[in-house]
Each structure stands twice: as C-alpha cells, then as structure tokens.
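Trainee: I have a new model open and I'd like to learn how to read it. Could you take me through it feature by feature?

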Amino acid sequence: MANVQDEPVSIDMGKIKERLLAMQAQLEHDIAVKEAQVSENGDMLVQERGGVSNHMADDANDVFEQEKELTLQLSAEHELSEVRTALARLEDGTYGICANCGKPISPARLEARPWATLCIECRQLEDRGRL
C-alpha cells in the first residue's frame with residue numbers, strides 16, 4: 001500500500017501566481033509608505049527644516065524611529081525582490097525546482113514561502129554555511 005506522503009502533490013500554479021502578484025502589489029504599497037515615512041522622519045533631523053530639538057533624548061528617539069522605518073523598508077524591498085524572482089521562475093518554468101540540487105521543492109514549503117528557491121535540505125545546508 002502506498003504511503004500518502006510519497007504521492008506527489010500537485011501545485012496550482014494559477015493560485016501561486018495570484019498569491020505572488022497580490023504579495024507584490026502589497027509590498028510595493030508598503031515600500032511607498034515606508035519611503036514617505038523615512039523622508040518625513042528625516043525632516044525631523046534637519047535643523048533647517050524645523051527638526052532637531054534641544055533635548056538629546058528626543059533626538060535619539062527620532063533617529064531610532066527613522067532607522068526602524070528604514071530597516072522595515074529595506075526588508076520589504078528584499079522580500080519584493082524574492083517575490084519578483086519567484087514570478088520570473090513561474091514564467092520560465094523553473095518554479096518549484098530547487099535552484100541548487102534540481103529536485104522539486106515540497107508543496108508545503110512553497111505554501112509557507114511561495115518565493116522559496118531552495119528545497120528544505122539545501123536551505124538547511126545554506127544556513128549552516130555548507131552551500
């Protein structure tokens with residue numbers, strides 16, 4: 001009797017593409033919002049634009065907030081790059097195939113991380129610095 005885990009699970013590429021396109025649109029929106037926030041918070045740090053207070057703690061808080069927003073923006077830009085790569089892999093027929101070993105990426109992994117380019121085994125090797 002065949003084990004259910006051994007049976008191949010099909011991936012609905014149409015649903016994956018819809019999900020990736022929705023993620024792309026959301027990330028593009030999030031990045032635009034973060035860019036505006038970083039720009040606005042940057043004005044608080046320029047004395048000629050009315051920023052920079054007389055209190056060092058307020059200045060430090062403003063710098064922290066700007067750095068936090070910039071970090072979130074950079075993270076979203078990185079994720080957007082991964083989503084765009086996944087969309088390109090869908091178009092060229094390599095989506096769902098490990099970029100390292102060439103084996104199929106499990107549907108469960110693609111469900112959790114639709115932009116994954118490595119199977120779980122290769123990802124673990126990469127995390128350990130062996131790839």
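Mentor: Let's begin with how elements are assigned: helices (H or I, at least four residues) and strands (E, at least two) are DSSP runs, numbered from the N terminus. Here that gives 4 helices and 0 strands, and along the sequence the pattern reads α-α-α-α. Keep in mind that this is a predicted model, where local features need pLDDT of at least 70 and side-chain atom pairs count only at pLDDT 80 or more, while totals for chains, interfaces and linings use all residues. Residues are numbered from 1 along each chain as its sequence is written, and side-chain values use heavy atoms, with hydrogens and water left out.

Trainee: What average pLDDT does the protein have?

Mentor: pLDDT is the predictor's confidence in each residue, on a scale from 0 to 100. The protein averages 84, and 80% of the residues score at least 70. Over residues 1–8 the pLDDT is below 50, and that stretch has 1 contact in the model beyond near neighbours in sequence. Contact here means heavy atoms within 4.5 Å.

Trainee: Next, surface and interior. What share of the residues count as buried?

Mentor: Buried means under 20% relative accessible area, exposed means over 50%, and partly exposed is in between (1.4 Å probe, protein chains only). Of the 131 residues, 25% count as buried. As for the surface, areas come from the Shrake-Rupley method with a 1.4 Å probe, and for residues only the protein chains shown count as cover. The accessible surface comes to about 9100 Å², with 52% of that belonging to carbon and sulfur atoms.

Trainee: Now charges. How many salt bridges are there?

Mentor: Side chains of opposite charge can pair when their charged atoms come close. The cut-off is a side-chain nitrogen of Lys or Arg within 4 Å of a carboxyl oxygen of Asp or Glu. A search of the whole structure finds 6 salt bridges. One of them joins R19 and E111, at 3.6 Å from N to O. R19 lies in helix α1 (residues 13–43) and E111 in helix α3 (residues 107–112), so this pair ties together parts 92 residues apart in sequence. R19 is partly exposed at 31%, whereas E111 is exposed at 52%.

Trainee: Where does the bridge between R84 and E28 sit?

Mentor: R84 and E28 meet at 2.7 Å, N to O. This pair links R84 in helix α2 (residues 56–92) to E28 in helix α1, 56 residues apart. R84 is partly exposed at 42%, and E28 is partly exposed at 33%.

Trainee: Are K34 and E69 buried or exposed?

Mentor: K34 is buried at 18%, and E69 is buried at 10%. Their closest N and O atoms are 3.3 Å apart in a salt bridge. Elsewhere, R123, E126 and D127 are linked in a network of salt bridges.

Trainee: Last one: how many disulfides does the structure hold?

Mentor: A disulfide is a covalent bond between the sulfur atoms of two cysteines. In a model, we look for a pair of cysteine sulfur atoms within 2.5 Å. The structure holds 0 disulfides. The closest cysteine sulfur to that of C98 is in C122, 3.7 Å away, too far for a bond. For C122, the closest cysteine sulfur is in C119, and 3.6 Å is also too far for a bond. C98 is buried at 4% relative accessibility, and C122 is buried at 5%.
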